[in-house]
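Okay, thanks for coming, everyone. Have a look at the sequence and the model on the screen, and then I'll walk you through some of the details.

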Amino acid sequence: RRAEQAALPVLALPADVILSSVISGVSYEIFYRNGYNLYNSYEDNFIQEMILTEQDRQMLVKRARMMGIKVDEYLGVLLIAPQDVSIIPKIHKICKDAWDTNCFICSRNGMVMVIARMQQPFESTRGRLHMRAEELFAHLKRGLPGKSFHIGVGHCYEDVSHVRKSYYDARTALISGKMARSSRGLFFYDEMGIYRILFDLKNREQLYEIQEETVHRLKKYDAENGTAFTETIHAYFAAFCSVQKTAKALYVHYNTIRYRMERIKALFGWDLMNLSDCVYLYVGFHVDEYLEESQA
């Protein structure tokens with residue numbers, strides 16, 4: 001009823017639906033309706049189509065060959081997100097000057113996507129992609145003094161049909177890097193450790209469940225009861241689970257934090273002195289931040 005009042009479309013899905021397929025289909029419709037530009041080059045449209053839609057591998061390989069992509073060529077995606085979108089044309093030029101025909105470049109939604117092309121043995125592509133990303137990052141720093149931007153670098157796959165995976169890897173690395181608030185600005189999917197598994201696109205449904213079971217549950221209780229449990233747990237993790245440092249960070253008495261911890265245990269069953277419970281909640285907070293960032 002609320003959706004109808006807001007004139008929002010509703011999809012009634014059967015219980016056995018594969019959610020990722022629905023997301024892919026809806027993403028494609030949005031892309032096709034709002035993004036497909038007949039004035040763009042064939043290359044530009046093909047790249048964006050290849051990223052946003054799942055296609056038959058044989059057809060994809062044929063179309064890739066039409067663009068000059070060879071059978072032994074490997075592709076890795078870099079996503080560049082500038083704070084000031086007005087510098088996107090300059091980013092295009094710097095990337096093109098640096099890599100020339102060794103890449104494809106296009107932009108959408110305030111980000112520049114660079115697809116690196118490599119032909120050396122596949123076993124060495126990861127190191128080569130990382131090295132080229134470092135070089136490009138240095139070029140952009142020199143060419144855009146005083147400008148802020150972040151780069152996410154995806155994994156390089158052996159099959160051209162997996163460039164879509166590399167795009168989502170780069171996007172995950174970009175979001176996770178920004179979450180970490182690192183001053184470096186260059187983030188590699190291959191260096192994300194366990195978060196590569198946690199933030200995998202296939203796990204999106206489980207991530208929403210974890211978010212709902214942890215942070216959303218806490219925020220709802222805080223809003224209804226005027227408590228500060230969400231803030232307390234967040235500060236507790238930031239203080240490396242030190243009650244004393246948490247109290248100092250929140251400007252409250254040590255016993256106040258101890259009392260809140262006891263209340264959290266009584267209300268939610270989470271013991272903040274128990275490692276397993278802390279890990280579960282810590283992951284929940286990271287998942288919440290990741291999903292919020294990915295929807296921004």
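Let me start with a definition: accessible areas here come from the Shrake-Rupley method with a 1.4 Å probe, and for residues, only the protein chains shown count as cover. On that basis, the protein has an accessible surface of about 17,200 Å², and 53% of that belongs to carbon and sulfur atoms.

Some housekeeping. This is a predicted model, so local features need pLDDT of at least 70 and side-chain atom pairs count only at pLDDT 80 or more, while totals for chains, interfaces and linings use all residues. Residues are numbered from 1 along each chain as its sequence is written, and side-chain values use heavy atoms, with hydrogens and water left out.

What is the protein built from? There are 13 helices and five strands. Those are DSSP runs numbered from the N terminus, with helices being H or I over at least four residues and strands being E over at least two. Of the 296 residues, 43% are buried. Buried means under 20% relative accessible area, exposed means over 50%, and partly exposed is in between, with a 1.4 Å probe and protein chains only. As for contacts, meaning heavy atoms within 4.5 Å, look at those between residues at least 6 apart in sequence: 63% of them join residues at least 24 apart.

Ala 81 gives us one such place to look. You'll find Ala 81 in strand 1, residues 74-82, and it's buried, with a relative accessible area of 10%. What does Ala 81 touch, leaving aside neighbours within four places in sequence? The answer is Gly 110, Met 111, Phe 149, His 150 and Leu 174. Val 112 is 31 residues away from Ala 81 along the chain, yet their C-alpha atoms are separated by 6.6 Å.

Now helix 7, residues 163-179. Is helix 7 enclosed or open? Well, 14 of its 17 residues are buried, so helix 7 is largely enclosed by the rest of the structure.

Let's move on to helix pairs. Two packed helices are described by the angle between their axes and the distance between the axes. Axes are lines fitted to C-alpha atoms, for helices over the stretch in contact, and angles run from 0 to 180 degrees between N-to-C directions. Under 35 degrees counts as roughly parallel, over 145 as roughly antiparallel, 65 to 115 as roughly perpendicular, and the rest as oblique.

Take helix 5 (residues 88-99) and helix 6 (residues 125-143): their axes come within 10 Å and cross at roughly 130°. That's why these two, helix 5 and helix 6, are oblique to each other. On the helix 5 side, Ile 91, Ile 94, Cys 95, Ala 98 and Trp 99 do the meeting, and the partners in helix 6 include Arg 132, Leu 136 and His 139. Elsewhere in helix 6 lies Gly 127, which is partly exposed at 45% relative accessibility. Gly 127 and Cys 156 are 29 residues apart in sequence and 9.8 Å apart in space, C-alpha to C-alpha.

Next, helix 9 (residues 204-225). Helix 9 packs against helix 10 (residues 229-238) at about 135°, with the axes 8 Å apart. So helix 9 is oblique to helix 10. Leu 218, Lys 219, Tyr 221 and Asp 222 of helix 9 make this contact with Phe 229, Thr 230 and Ile 233 of helix 10. Thr 214 sits in helix 9 too, buried at 0% relative accessibility. Beyond its neighbours within four places in sequence, Thr 214 is in contact with Trp 270, Tyr 280, Leu 281 and Gly 284.

Helix 10 has another partner, helix 12 (residues 254-268): the axes come within 11 Å and cross at roughly 115°. Helix 10 and helix 12 are therefore roughly perpendicular. Among the residues making that contact are Phe 229 and Tyr 236 of helix 10, along with Ile 257 and Phe 268 of helix 12.

Last, a bit of backbone. Most residues other than glycine have a negative phi. Phe 240, in the loop between helix 10 and helix 11 (243-250), has a positive phi of about 55° and is exposed at 73% relative accessibility. Tyr 251, in the loop between helix 11 and helix 12, has a positive phi of about 60° and is exposed at 77%.
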